[in-house]
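Hi,

Here is the structure I promised to pass on. Have a look, and my notes follow below.

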Amino acid sequence: MGPLTRYLEAAMARAQYDLKAKGRYLGEIPELGLRVEGESLEGTRLALREALEVWLLKALRQGLQPPGLEVPGESPLEVRFRGLVGELWNLIQGGAKEAPEAAPSDRPKEAGLLEWLKARGLTPKEGDPAPQTPEEASALAEREKVLTRLALFLGDRYSTLEKLYERLKQSLSQKRQFELSLSEASPEEIANTTQFCTLLKQYALLTSYRYKSEDRLLQAKANPEGWVQNFLTGGWLERYVAEKARRVLRSKNLPHEVGMGYQVTLPNGEAMELDLLVGVGERVYWLEAKTGDFQAHIPKYVALRKALGLAPKEAFLVVLGLDPSRAKELSALHGLTVVGHGDFQQAFQETLEAHAL
């Protein structure tokens, strides 16, 4: 029996079955968010097995390794090979614009962007040192890929993960376990919520996670480490925006630089941080990402846009879940391009096309 067969058999052994009504059976694997219905117990079991195999196939194609599928003695070269296979599948599915790329926030900042900042009288703080060994560089690259995948999962499915995300942030601030009832949630919301929690637990961003399918009650606790808190409370959205910008630029085959987390000192001595800078040819775009209240920051952003010498279309304020009509009004009022995170990729593409004319 091979590792895939063992994984499937172990997952099916955790399956739960209920008689919903006469002639209708429910089968589910709660921790994976898989639920099917059938007219017989055996038919339900077979349908659940097929759903599990499809779920596993999609996970492997995305370069994800479900917990429990670890291969003893697997070498780093084999791990890297599986990751490359996942990247190749994404290229075949969606073209170069969908290929995943690490968001190297910890590497030295791009020289071109640093010089651009200095030319505007802003003194950038030196970034973190580069990895010293190939092993350190490889570990950092793998870490960045995982965090980018998690950011994309949350951002692309935010409408179904909003309740979970709010409880996650509360858990981090209170440093204790939280509960989330999914009794009124849709099947899509349950599937996305349980799958995302499974991923967070797999990578130890959650220290505990349990889903009680009979009560549709989720219990979990976030890892209190500082880097986890930074990622879950806002850093993930910066990565999400950076990856969406890269996808637009790669789809247009435009040479570019993307830098994250610039600490700068203004001419008046005030210290500030720029979430993202994107260099495209001679033009630079500044992108700020906010997951919470942003209104109090707008005057500061307007002043900084002017200090950077950027036009309103070159300065983006990306707000989590912001309504398009409200974003349009805020843009007109404050001289910034304000946009919801789900609309950013399209808005950035339209700006690039307008500037190319």
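A salt bridge here means a side-chain nitrogen of Lys or Arg within 4 Å of a carboxyl oxygen of Asp or Glu. Note that this is a predicted model, where local features need pLDDT of at least 70, side-chain atom pairs count only at pLDDT 80 or more, and totals for chains, interfaces and linings use all residues. Residues are numbered from 1 along each chain as its sequence is written, and side-chain values use heavy atoms, with hydrogens and water left out.

There are 14 salt bridges in the structure. One of them joins R45 to E42 at 3.0 Å, N to O. Both residues sit in helix α2 (residues 41–61), 3 residues apart, about one turn of the helix. (Helices are DSSP runs of H or I with at least four residues, strands are runs of E with at least two, and both are numbered from the N terminus.)

Another pairs E353 with K252, also at 3.0 Å, N to O. E353 is in helix α11 (residues 344–356) and K252 in the loop between α8 (226–251) and β8 (257–265), so this bridge ties together parts 101 residues apart in sequence.

Now for K212, in strand β6 (residues 206–212).

Cheers
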